[in-house]
Amino acid sequence: MIKLFPSVILKTVKGIKFYGGAIMAHIITDACIACGACQPECPVNCISEGAIYEIDQDQCIDCGACSSVCPTGAAQPEA
Ligand code: SF4
Ligand code: SF4
């Protein structure tokens, strides 16, 4: 028997997750200063370190924790 829960991703298309409705991922823009504040806040560990930080769009659950701590506004909902 297949059970469906609201938190279960039904499918992912080009980084956009569908839970029964379309869910947008968060992104990190060039405004990132690589301070690292966002990375420990991510509940699914989908932020990786680099010259600027990056979000794995396929793992992001769009919780907003990263954007709430970002000092530059670089971490933001995908437009
Ligand atoms: S929105 Fe949430 S899940 Fe997505 S990258 Fe930010 S902290 Fe992680
Ligand atoms: S909190 Fe903002 S500026 Fe700092 S690493 Fe994350 S995205 Fe970059």
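User: Where does A31 lie?

Analyst: A31 sits in the loop between strand 4 (26–28) and strand 5 (47–48). Strands (E, at least two residues) and helices (H or I, at least four) are DSSP runs, numbered from the N terminus. On conventions: this is a predicted model, where local features need pLDDT of at least 70, side-chain atom pairs count only at pLDDT 80 or more, and totals for chains, interfaces and linings use all residues. Residues are numbered from 1 along each chain as its sequence is written, while chains are lettered from A and ligands numbered from 1 in the order in which they are written.

User: Why is A31 called partly exposed?

Analyst: A residue is buried if 20 or more other C-beta atoms, placed from the backbone, lie within 10 Å of its own, exposed if 12 or fewer, and partly exposed in between. A31 has 13 C-beta neighbours inside 10 Å, so A31 is partly exposed.

User: What does A31 touch, not counting residues up to four places away in sequence?

Analyst: T72, G73 and A74. Contact here is C-beta to C-beta within 7 Å, with the atoms placed from the backbone. I52 is 21 residues from A31 along the chain, and their C-alpha atoms are separated by 8.6 Å.

User: Why does A34 count as exposed?

Analyst: A34 has 12 other C-beta atoms within 10 Å, and therefore counts as exposed. A34 is also in the loop between strand 4 and strand 5.

User: What makes the phi of A34 stand out?

Analyst: Phi of A34 is near 55 degrees, a positive value in a residue other than glycine. Most residues other than glycine have a negative phi. N45 also has a positive phi, near 50 degrees. N45 is placed in the loop between strand 4 and strand 5.

User: Is N45 buried or exposed, and why?

Analyst: Exposed, because N45 has 10 C-beta neighbours inside 10 Å.

User: Why is G36 labelled as it is for exposure?

Analyst: G36 has 10 C-beta neighbours inside 10 Å, so G36 is exposed. G36 is found in the loop between strand 4 and strand 5. Y53 is 17 residues away in sequence, and 7.6 Å away in space, C-alpha to C-alpha.

User: What makes up the largest nonpolar core?

Analyst: 12 residues, including A25, I28, C38, Y53 and A75. The label asks for buried Ala, Val, Leu, Ile, Met, Phe, Trp, Tyr and Cys residues joined through C-beta atoms within 7 Å. I28 is in contact with I52, Y53, E54, I55, A74 and A75, leaving aside neighbours within four places in sequence.

User: Which residues are closest to ligand 2, and how does its shell divide by class?

Analyst: The closest are C32, C35, A37, C38 and C70, among 15 surrounding residues. Near means a C-beta atom, placed from the backbone, within 6 Å. The shell has 13 nonpolar, 2 polar and no charged residues. Ala, Val, Leu, Ile, Met, Phe, Trp, Tyr, Cys and Pro count as nonpolar, Asp, Glu, Lys and Arg as charged, and the others, Gly among them, as polar.

User: And what surrounds ligand 1?

Analyst: 14 residues, with H26, C42, C60, C63 and C66 the closest. By class, that shell has 10 nonpolar, 2 polar and 2 charged residues.

User: How confident is the predictor in the chain, on average?

Analyst: The average pLDDT, a per-residue confidence from 0 to 100, is 83, and 71% of the residues score at least 70.

Key. Contact = placed C-beta atoms within 7 Å.
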